[in-house]
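I am opening a notebook page on this model. The entries below record what I looked up, in order.

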Amino acid sequence: MSLLVVGSVAYDALESPYGKVARTLGGAATYFSVAASFFTPVNLVAVVGDDFHPADEKIFGPRSIDIEGLERATGKCFFWAGRYSANLNERVTITTELNVFADFKPRLPEKYRNSRYVFLANIAPDLQRDVLQQVKGTPKLAAMDTMNYWIERTNPELRETLKHVDILMINDSETRELSNEHNLLRAAKLIFKMGPSTLVVKRGEYGALLIDKHGVFCVPAFPLEEPHDPTGAGDSFAGGFMGYIAGAKSTSDAALRRAMVYGSVLGSFTVERFGLERLLKLKKAEIHARARHFAKLTQFKL
Ligand code: AMP
């Protein structure tokens, strides 16, 4: 069951109290597809410029990430620069350069059009919708992410895209900004009116919440002594979540709960090192070992 993703493939400049990287491969769709590929094949839709390094392209093939949908255009790759505060919980965006994404008109390769699981990773909401509309029929599950950049600049377009997805997966500050409501449970009710029937709220070191008609399910973040760089943690969470669902071919309540754990597991590995470094070295056995650790972390008797 293929999983389709559209989102940024980018170069990032990162700064945290643990160090600095001037230019490294990043982008929401990059983190997402690497994380999801541990569970299922992934079809990637994005655009890169002529500065895209051949060595960076090599990370996809060996991981069953299909890049027929990765278009090459004249110009520069998406570029993002961000800086994290001392506690790693807050970040400021220093630069966002859309570059080749500014004029990107995706055309889905024929073989991608039957995808049953779709993730609209962080990118312009019009572009997200364009990709979703090219998928044949109604996918079994369509989920999306977004961020303050799009909530503030393209709100009407974002509202339109929201009407067409089942799950919205965003962080706590984005939830509050989108809904204009501080309380996350009340915010979920407002977001359900916009389209999605499920809200996943990523809360950094405080874990994540899944809110739907059954109620609320919580997973913790994996307690780490030395997190280095949270970049991509949210996209890796989404990759673990959607990858698990597509691999298991189930959207049952039990599967969604396990997907939350795998999301948290993948996010936790990403923050251990800068950029994609840890994800690219990750082994399947380490994922399952950490998932078992999560079971221990949260088990108790009454
Ligand atoms: P995360 O830390 O999971 O929120 O995602 C970080 C990644 O998102 C970075 O690798 C950036 O390249 C990418 N990114 C940052 N801003 C945007 C944006 N406005 N649209 C799409 N991708 C972005």
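**Aromatic pairs**

I began in helix 8, where Phe 237 and Phe 241 sit four residues apart, about one turn of the helix. Helices here are DSSP runs of H or I with at least four residues, strands are E runs of at least two, and both are numbered from the N terminus.

The model is predicted, so I took local features only at pLDDT of at least 70 and side-chain atom pairs only at 80 or more, while totals for chains, interfaces and linings use all residues. Residues are numbered from 1 along each chain as its sequence is written, and side-chain values use heavy atoms, with hydrogens and water left out.

I paired rings of Phe, Tyr and Trp (its six-membered ring) with centres within 6.5 Å; planes under 30 degrees apart are stacked, over 60 edge-to-face, the rest tilted. The count came to 10 aromatic pairs. Phe 101 and Phe 104 are edge-to-face, because their centres are 5.7 Å apart and their planes at 85°. Phe 237 and Phe 241 are stacked, at 6.5 Å and 20°.

I then checked burial (buried is under 20% relative accessible area, exposed over 50%, partly exposed in between; 1.4 Å probe, protein chains only). Phe 237 is buried at 6%, and Phe 241 is buried at 0%. Phe 101 and Phe 104 are both buried.

**Ligand**

I looked for polar contacts (N or O pairs within 3.5 Å). A ligand oxygen lies 2.7 Å from a polar backbone atom of Gly 27. Another entry puts a ligand oxygen 2.9 Å from a side-chain N or O atom of Arg 91.

Key:
A polar contact is a pair of N or O atoms within 3.5 Å; within protein, one must be able to donate a hydrogen and the other to accept it, and residues adjacent in sequence count only if both atoms are side-chain atoms.
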